[in-house]
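Subject: Structure handover

Hello,

Here is the structure to look through. My notes on the ligand and its surroundings follow below.

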Amino acid sequence: MEIIVCIKQVPDTTEVKIDPVKGTLIREGVPSIVNPFDKNAVEAALQIKAAKGGKVTVISMGPPQAMDALRECVAMGADEAVLLSDRAFAGADTWATSYTLAKAIEKIGKYDIIFCGKQAIDGDTAQVGPGIAEHLGLPQVTYVQKIREVTDTGMIVERAIEGGYEVISVPLPAMIAVEKSINEPRFPTMMGTMKAHKKQIPIWGAADINASEDLVGMNGSPTQVKRVFAPERRGGGEILQAEDEAGVCVLLVEKLREAKIV
Amino acid sequence: MNFQLDDQQLMIQKIVREFAEKEVAPVAAELDEKGQFPHEITRKMGEMGLFGLPFPEEYGGSGAGYLAYAIAVEEISRACASTGITYAAHCSIGTGPIYLFGTEEQKKKWVIPCAEGRMFAAFGLTEPNAGSDAGGTQTTAVLDGDEWVLNGSKCFITNVGVGGVAVITAVTDRSKGTRGISAFIVPTDTPGFSVGQPYHKLGLKASDTREIILENVRIPKENILGKEGEGFKQFLVALDGGRISIGALSVGIAQACLDASLKYAKERVQFGQPISKFQAIQFKLADMAMKTELARLMVYKAAWLKDNGKPFSKEAAMGKLYASEICVQNALEAIQIHGGYGYMKEYPVERYLRDAKLMEIGEGTSEIQRLVIARQLGC
Ligand SMILES: Cc1cc2nc3c(=O)[nH]c(=O)nc-3n(C[C@H](O)[C@H](O)[C@H](O)COP(=O)(O)OP(=O)(O)OC[C@H]3O[C@@H](n4cnc5c(N)ncnc54)[C@H](O)[C@@H]3O)c2cc1C
């Protein structure tokens with residue numbers, strides 16, 4: 001099995017603060033981590049490799065510091081890593097990002113499964129994985145919470161939906177975006193860490209992956225961000241509690257009367 | 001001069017911190033309360049290769065170096081000092097002497113499983129009548145044909161109840177004084193080797209500390225470590241390395257005290273404001289942060305010297321002495337900042353104090369560290 005995992009380096013906080021003036025994320029002083037869902041993706045890939053053999057390659061588009069995130073995945077057990085870094089990639093939206101990653105995957109050439117995390121915790125769009133699948137013309141399954149079976153030609157997976165899951169059989173190659181609940185990512189080993197630091201990780205720019213300059217980075221991004229802002233905190237709601245539904249209804253009507261709404 | 005950890009050390013720090021926060025910290029209070037050895041945690045640490053950090057690849061380690069190892073001990077101890085002492089004693093004074101003084105064969109046989117986390121090692125130096133004065137060892141080893149026969153007892157030995165091997169010091173020639181002490185590699189399942197019930201301790205309750213009784217323990221002649229009569233010299237060297245790890249352990253506890261206190265001080269409101277707004281509390285926090293950082297610098301320096309093949313005895317003693325004393329001070333201040341809550345088991349700081357106190361005693365008391373430093377000064 002040839003497996004490619006797309007990972008992203010993100011700031012280590014679920015409460016990203018926003019610069020009120022510039023409207024951009026404040027990244028200073030916030031340590032960077034591998035996007036947590038992407039670690040689940042790496043873990044899923046490593047488990048399949050352990051069962052069926054093959055190779056796991058991690059790729060990431062980002063600034064040179066994203067090398068650290070790739071090294072961490074190599075320390076977990078990934079065999080190869082590639083960093084996509086080029087000034088031309090800067091300012092990419094999810095469309096340009098998925099195009100760029102798809103071009104890199106085309107260059108790698110051989111792949112059976114492309115794993116992604118369900119979304120990145122900084123942007124929360126969940127669009128890049130599906131975008132890659134569309135650019136490459138591959139089938140895709142998002143929100144995968146369990147892998148039931150993997151054969152040389154297909155996979156059977158569980159896809160989380162509200163209140164349950166659906167079982168999907170998908171032919172390979174395919175793009176699979178995983179949920180947090182799919183597994184518990186392993187901690188990197190110290191041996192792996194040492195190996196990861198000795199490893200030469202190639203950096204590919206736009207020219208290396210035959211990506212058209214018009215389609216990457218800011219140029220290739222149809223999304224225009226008008227304004228980024230932190231919504232104002234609203235007052236907390238009130239929870240009405242009673243013995244049963246009827247009791248709650250009585251309380252609710254009283255409240256509405258008090259407020260002169262009814 | 002470069003005060004920056006390298007990329008590799010930074011990554012190890014990050015990984016171990018994450019592991020400690022996720023896997024160790026949540027169970028530390030319970031392990032302490034029940035006096036339960038951290039079997040599950042140490043199994044995972046073994047899989048991650050943490051026990052192999054200070055040993056080279058050919059002996060099952062990763063060759064990351066002593067500084068990387070000290071960083072790992074610090075991070076683990078920040079979450080649970082019981083696990084920290086288990087880790088530090090196993091690597092530095094249990095496995096350390098075999099790695100430092102063992103033959104190629106001994107290293108292959110014992111260092112590899114220890115570095116890979118498949119076996120714990122203990123170091124049996126202290127005896128009921130030979131503590132600080134370890135030269136006063138009374139345990140004896142007598143050569144009988146092809147075997148050494150050991151008799152005597154050891155006390156306060158870390159990891160021996162869970163260990164597969166112990167390095168034991170014993171007198172081989174009483175007429176030679178400290179030059180008549182030798183060290184031996186003793187598998188813990190050797191007939192005649194027995195351990196007592198775990199001690200009831202003030203702190204570090206989840207670590208394994210026991211007495212060893214040696215009754216006609218027969219081990220092959222080749223199990224002597226290095227040459228006959230070198231035991232005293234060897235353990236002085238082993239303890240130098242051990243002190244770096246106790247220093248790192250102390251820094252971890254000191255940091256944990258600061259972490260808990262800072263968090264609490266920002267949350268606790270009295271007189272209409274968080275107590276962190278009171279200058280008296282701020283000064284305590286500032287002192288705690290300063291002492292922790294200074295201790296860390298000294299411990300890192302000693303580890304760096306060791307990694308670079310330079311003498312480090314004095315620095316290791318200074319780092320251990322300072323770090324152990326400030327971690328006790330930090331623990332006391334942490335309780336003070338927590339007020340009555342700090343005295344209760346609901347908060348971790350009372351555990352930090354109980355754990356911290358051992359740092360001023362184990363691997364040479366503070367008094368002995370001062371003697372070591374003074375001796376280095378030429379006194
Ligand atoms: C939890 C725990 C784990 C331990 N693990 C191990 C282990 O794994 N292996 C091992 O071999 N040992 C271990 N020890 C033993 C430890 O190293 C000794 O307790 C320590 O060295 C002190 O020896 P002692 O207890 O006999 O005290 P003593 O030597 O009797 O000291 C009593 C007091 O006298 C002071 N004193 C002694 N001599 C002098 C002097 N010359 N000048 C000034 N003051 C002096 C000491 O500083 C101390 O304050 C452990 C101890 C504990 C509590």
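A pocket here means an open set of grid points, where a 1.4 Å probe fits, with protein on both sides within 12 Å along at least five of seven lines. Please keep in mind that the model is predicted.

The second largest pocket holds about 1200 Å³ of space. It is lined by 43 residues, and those closest to its centre are Thr126(B), Ile361(B), Gly362(B), Glu363(B) and Gly364(B). By class, the lining divides into 21 nonpolar, 14 polar and eight charged residues. At least two lining residues come from each of α4 (81–101), β3, α6 (231–267) and α10 of chain B. Of these, α6(B) has the largest share, with seven residues.

What takes up this space? The ligand does: the space it takes is the second largest pocket. Around the ligand are 16 residues, with Thr126(B), Ser132(B), Phe156(B), Thr365(B) and Glu367(B) the closest. This shell has seven nonpolar, six polar and three charged residues.

- A ligand nitrogen atom lies 2.7 Å from an N or O atom in the side chain of Thr126(B).
- A ligand nitrogen atom lies 2.7 Å from a polar backbone atom of Phe156(B).
- A ligand oxygen atom lies 2.7 Å from an N or O atom in the side chain of Glu367(B).

On its own the ligand has 970 Å² of accessible area, and the protein covers 63% of that. In chain B, β3 (147–158) and α10 (366–376) are the elements that give two or more residues to the shell. The most come from β3(B), which gives three.

Regards

Definitions and conventions. Residues are numbered from 1 along each chain as its sequence is written. Chains are lettered from A and ligands numbered from 1 in the order in which they are written. This is a predicted model: local features need pLDDT of at least 70, side-chain atom pairs count only at pLDDT 80 or more; totals for chains, interfaces and linings use all residues. Side-chain values use heavy atoms; hydrogens and water are left out. A residue is near a molecule or strand if one of its heavy atoms lies within 4 Å of it. A polar contact is a pair of N or O atoms within 3.5 Å; within protein, one must be able to donate a hydrogen and the other to accept it, and residues adjacent in sequence count only if both atoms are side-chain atoms. Accessible areas come from the Shrake-Rupley method with a 1.4 Å probe; for residues, only the protein chains shown count as cover. On a 1 Å grid over the protein atoms alone, a cavity is a set of points where a 1.4 Å probe fits but cannot get out, and a pocket is an open set with protein on both sides within 12 Å along at least five of seven lines; lining residues have an atom within 4 Å of a point. A molecule sits in a cavity or pocket if more than half of its atoms lie within 2 Å of its grid points. Helices (H or I, at least four residues) and strands (E, at least two) are DSSP runs, numbered from the N terminus. Ala, Val, Leu, Ile, Met, Phe, Trp, Tyr, Cys and Pro count as nonpolar, Asp, Glu, Lys and Arg as charged, and the others, Gly among them, as polar. Grid points are joined across faces, edges and corners, and a volume is the space filled by probe spheres set on the points.
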